[in-house]
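Trainee: Here is the model I want to go through. Can we take it in questions and answers?

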Amino acid sequence: MELCQRWEQILCALRPVFKREKTFDWFVLLMWGVLLSTAPPAVTSYVNGLGLGERYYAQVLHWFHATAFSVEVLCAHWSNWLQAHPHCLRLRGQRVYIGDGIKVNKEGRRMPGVKQLHQESANVGKPEWIRGHYFSALGLLLGRGAALFVVPLRLQLHDGIEADELAQSPSLVDKMATLCVTLMESGSTAILDAYYASGKVLQAFRAQGLHLITRVRLSTVAPAPSSPLPGQRQPGRPRKWGASVRLRELFAPLEDCPQAAVWLYGRYVTVAYQCFELYWDSSDAPVLFVLTQLPGGKPFILLASDVTLSGPEVIEAYGWRFKIEVTFRTLVHLLGGFGYRFWLKAMTATPTWPQTLILAHLDEPLQHQVKRKVEAFERFLNLNAIVLGILQVLALEMPHDVWTHSPRWFRTRPKHGLPTAQFVQLALQHQWQHHLMESRQALLLAKLLAAKRLSPQTPTLTSLPL
């Protein structure tokens with residue numbers, strides 16, 4: 001099977017998401033448009049990448065706002081397909097998910113959800129305050145040998161819009177917990193940043209049989225198990241907690257700690273570690289604290305809700321979290337997945353530094369338009385995320401075909417021997433050109449393009465086949 005055929009085979013697995021054939025056809029065309037486009041990311045670029053021209057622009061634009069399907073259902077089917085993939089990396093036999101948040105610059109004053117955001121980063125190239133959107137993302141870890149990819153499952157807008165300013169709205173941590181519970185399988189493990197080290201996340205995970213690995217602050221205090229005093233019981237309620245333990249004080253000298261060689265960031269690193277089973281958010285469920293020190297002496301404290309894991313397993317697993325940063329970088333620089341430009345003309349222009357948009361302050365018709373526009377944002381972004389995910393899957397499944405059809409010479413290749421998403425994209429673009437020259441109609445894309453170019457009708461916004 002060739003790369004292009006495998007690409008469309010994966011797309012056809014998502015056919016049940018779409019109620020109408022025309023909507024699915026445009027989904028296939030847009031996926032190819034994202035792949036073949038060489039211009040800056042935009043709806044216009046996807047139309048030009050397919051060679052369709054101006055007459056189909058309105059129809060493509062309408063696809064992002066149509067009611068014939070839901071981005072939530074699309075991402076759920078994509079998640080189910082990925083979870084059955086044989087290259088899923090497993091920890092103690094269970095799948096591993098990685099989640100994080102990302103802030104995106106957006107200057108549009110008529111874009112719902114844009115607000116003033118604070119960036120906490122050590123990178124001096126990033127401004128401290130930006131105007132933009134905040135997305136939460138969850139991905140599934142796939143791997144083959146030393147090559148690891150975080151394949152994005154869903155990115156969702158989680159800040160900037162609230163239903164009512166008086167109601168108790170969920171925090172970003174709560175929304176991330178909900179996203180994980182919705183997409184993850186029971187028994188699997190989520191690896192999250194220290195921002196999500198919260199008792200609310202642990203409680204939500206335990207209710208669904210999920211596990212969490214994260215990092216906690218060095219100033220964390222954890223209660224020890226309660227040890228009742230011997231003799232006659234004293235009056236009053238029995239104690240739930242024992243003495244409070246300052247985890248920072250438990251670090252021992254490096255020479256006194258057990259050490260292990262752990263695969264971190266592409267190489268084996270010898271780390272010193274200590275394991276302590278204490279309590280944190282609940283007196284009924286202990287958690288595992290892993291105190292580790294890198295060769296340079298920098299201390300870290302990791303938390304795992306699965307107390308059966310060993311210290312080296314927790315340390316290596318938390319090192320996988322960095323792979324989602326690579327996914328974000330690829331999504332931004334290779335595909336431009338955050339390059340959406342959807343405006344809402346009926347919306348009043350926001351100030352220079354806007355705050356959270358309260359839907360209760362808007363008329364009901366405008367509320368509906370805001371929700372449709374947010375859906376369009378997420379469709380554009382998740383469309384690119386699925387394209388990136390399929391490129392990563394093809395890199396794991398068909399590396400030999402990718403290297404064979406690669407049209408360019410690169411001085412260096414990844415050390416693990418498997419192609420990156422960029423290599424796969426170049427190979428697919430090159431192979432598609434051969435399909436065009438040979439006039440082969442085996443691909444669904446060729447048939448759809450032929451039907452569009454032969455159609456005598458010019459689509460309009462008032463007459464669309466969606």
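Trainee: How many nonpolar, polar and charged residues are in the lining of the largest cavity?
Mentor: This is a predicted model: local features need pLDDT of at least 70, side-chain atom pairs need 80 or more, and totals for chains, interfaces and linings use all residues. Residues are numbered from 1 along each chain, and side-chain values use heavy atoms, without hydrogens or water. By class (Ala, Val, Leu, Ile, Met, Phe, Trp, Tyr, Cys and Pro nonpolar; Asp, Glu, Lys and Arg charged; others, with Gly, polar), the count is seven nonpolar, two polar and no charged.

Trainee: Which elements each supply at least two residues of that lining?
Mentor: The lining is A137, L138, G139, V150, P152, L155, I324, T327 and F328. Now place them on DSSP runs (helices H or I, at least four residues; strands E, at least two). The suppliers are β4 (129-144), β5 (147-157) and α9 (323-335).

Trainee: What is the volume of the largest cavity?
Mentor: The whole-structure search finds one cavity of 30 Å³ or more. A cavity is a set of 1 Å grid points where a 1.4 Å probe fits but cannot get out, and lining residues have an atom within 4 Å of a point. Volume is the space filled by probe spheres on those points; here that is about 30 Å³.

Trainee: How are α1 and α10 set: parallel or oblique?
Mentor: The axes of α1 (residues 3-12) and α10 (residues 364-397) come within 11 Å and cross at roughly 130 degrees. Axes are lines fitted to C-alpha atoms over the stretch in contact, with angles from 0 to 180 degrees between N-to-C directions. Under 35 is roughly parallel, over 145 roughly antiparallel, 65 to 115 roughly perpendicular, and the rest oblique. So α1 to α10 is oblique.

Trainee: Which residues of α10 does α1 meet?
Mentor: Contact means heavy atoms within 4.5 Å. From α1, the partners are L3, R6, W7, I10 and L11. In α10 they meet V387, I390, L391, V393, L394 and E397.

Trainee: How many charged residues does the contact of α1 with α10 have?
Mentor: Sort the contact by class. Nine are nonpolar and no residue is polar. The charged count is two.

Definitions and conventions. On a 1 Å grid over the protein atoms alone, a cavity is a set of points where a 1.4 Å probe fits but cannot get out, and a pocket is an open set with protein on both sides within 12 Å along at least five of seven lines; lining residues have an atom within 4 Å of a point.
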